[in-house]
Amino acid sequence: MPDVTCHFLNLTLRNPIILASGILGTSADLLERAAREGAGAVTAKSCGPTPRAGHPNPVAVDWGHGLINAVGLSNPGAAEEARMLAEARARLEPLGVPLIASIFAGTTAEFGEVARTITAARPHLIEVNISCPNVADEFGTPFAASCESAAAVTEAVKRNVGDIPIAVKLAPNVPDIARIAAAVVEAGADAITAINTMPGMVINADAGRPVLSNRIGGISGPALKPIALRCVYQIARTVRVPIIGTGGVTTGRDAAEMLLAGATAVGVGSAMWTRGVGALGDIAAELAVWMGQAGYGTLEEIGVRSEE
Amino acid sequence: MHETFTITQIRTENYRTKTFVFDKPFSGAQPGQYVMAWLPDVGEKPFSIAGADPLRLMVVAVGPFSEALHRLDVGDRVWARGPLGQGFALEGRHHLLVGGGYGVAPLLFLARKAVAAGHTVDVCIGARTAADVLLAEAFVSTDSTDFNGFVGEKSVKSVPSVEKLSITTEDGSLGGRGLVTQAVEAAIHARRPDCVYACGPTPLLVALARLCREHTLPHQLSWEAHMRCGMGLCGDCELDAVTRQVAGIPAGWLVCKDGPVLRFA
Ligand SMILES: Cc1cc2nc3c(=O)[nH]c(=O)nc-3n(C[C@H](O)[C@H](O)[C@H](O)COP(=O)(O)OP(=O)(O)OC[C@H]3O[C@@H](n4cnc5c(N)ncnc54)[C@H](O)[C@@H]3O)c2cc1C
Ligand SMILES: Cc1cc2nc3c(=O)[nH]c(=O)nc-3n(C[C@H](O)[C@H](O)[C@H](O)COP(=O)(O)O)c2cc1C
């Protein structure tokens, strides 16, 4: 049987499948469940400086080729999140499953503060969700949309986390994602997560309305996969840091495609709607079977192939 | 994605409850599953599937969304996605169904399925007062055109009623006085069921879980929580730790996707 052990920065994951942020990551119980169902690592739901209720329903639907969601970054605030993460970390320790925290904020300074608060829980990695609007910008442009703001956030977070590595999570809706990747790596990002959801809209023609209460939401699931593969491919050819390739991975074969595009690990979120939480372990097992059939013994061998 | 449903009939069940019948079936829906009903500009909320062919929902007017549904007329449209979640699965051949308040909505659908399969069914309904008792006649009706209180129900020809229906009200204004759990205890002693199925308020479910454990009876209980995505992703519908512990519900269990029905052996 091929070896699916994944070496990611200083971490050893039993497999490369990582629970993506915002799916099931709202409590220690759910993070532990994702770990027990076979994830190689788990990411908590993004948390910001203060509690947020999120948007009213509908917040998510399956529109046939993927999902669209606008949950609205509901979260309990950084202080409460740090307590939850500390408990999760203690429960994950015996399972050997690393914990990834995820943070967002409205200003660069707040990013630093949230990072500092979360650091107390000692997560193994802090993911920085920069797809949220920059409140200091006249148009609320997401931090992920410019090299300058993405780099500024990266620096602010990096200054506040001590020795905990950070992964900056990039948005697909930018003209040149490789440039943003280069900017955040230059600013100190240890890794990159790519990608967040793609902004979109789904309209119900009979109802004459967008289906989400927020009207606009993020596209995830199968429709996102080709976009994610392209982004990961372009980033991997520009920077040398490890990438958590995320977007539309539903099967072990999809995970293989993500690794071939240049990812070191693979994020999985929406697949749990169709396949249940067991999808995490199942996708890892399917990847191993595929590797055996394709003649790969380790993930590193796929990595070498991805550079060709 | 939401499908469009048009209301074909509306029946008033009591002072604050209406049943809506729609123009088409919800294929493959099982008793205990639910839909997320969407009214544009109002919101989206979970409702138990009270009948699948055609779709019917029983709605108690208690707040903004349910009141908006109550303002609708025949010919108006409602959008729904589903069927969502895990429903009831019949176990054995003699069943005890327990409904508290509007919890009877999925149970009539379940009773119909059990009776159609040639099984026997006892029902215990609990409510605050006589006016809150829902669907009592529908459970005992032997008129095929009336089993669900409506003409035109497809796929059921002649319908024997449930074996025994007992009603309990807190003030004794209808049936026995007290809590429905007393009636459940009596029903178990009169004829031990193969499985107990229940839907209703959390305290009722917690009490039933304890009772069924004492009697070593398999039980399937339908839980409620605030639901958002309905797809097992956002994590919002996890039950609070206290309820989970007293009822013996596994950690990380999601009402919207793993439930709403949880089977206990
Ligand atoms: C799996 C599931 C199935 C459900 N099935 C049904 C169903 O078949 N029929 C139905 O009417 N509702 C059902 N509900 C409840 C429904 O989703 C809404 O919560 C309800 O309609 C109230 O929404 P609202 O916006 O009108 O009022 P809200 O403002 O949300 O609620 C007003 C108040 O009423 C309370 N409340 C909620 N529901 C009831 C009730 N039925 N009786 C008394 N008090 C209540 C709430 O806790 C709150 O305090 C179900 C809920 C779940 C989770
Ligand atoms: C319901 C839902 C909530 C999400 N919440 C977050 C979040 O809080 N933070 C974040 O960085 N990404 C969030 N995402 C994006 C996912 O982490 C992931 O990047 C995206 O869904 C693509 O992966 P997938 O196709 O496997 O779902 C969310 C996605 C979904 C579907």
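The shell around ligand 1 takes at least three residues from each of domain 1 (3–83) and domain 2 (94–222) of chain B, the bounds being those of an automatic or database domain assignment. This is a predicted model, in which local features need pLDDT of at least 70 and side-chain atom pairs count only at pLDDT 80 or more, while totals for chains, interfaces and linings use all residues. Residues are numbered from 1 along each chain as its sequence is written, and chains are lettered from A and ligands numbered from 1 in the order in which they are written.

Around ligand 1 there are 21 residues, with Ser48(B), Val62(B), Gly63(B), Phe65(B) and Ser66(B) coming nearest, where near means that the C-beta atom, placed from the backbone, lies within 6 Å. Strand E4 (43–48), strand E6 (55–60) and helix H1 (64–70) of chain B are the elements that give two or more residues to this shell; helices (H or I, at least four residues) and strands (E, at least two) are DSSP runs, numbered from the N terminus. By class, the shell around ligand 1 has 14 nonpolar, four polar and three charged residues, with Ala, Val, Leu, Ile, Met, Phe, Trp, Tyr, Cys and Pro counted as nonpolar, Asp, Glu, Lys and Arg as charged, and the others, Gly among them, as polar.

Ligand 2, by contrast, lies between chains A and B, and its shell divides into 13 nonpolar, 16 polar and two charged residues.

Returning to chain B, the C-alpha centres of domain 1 and domain 2 lie 21 Å apart.
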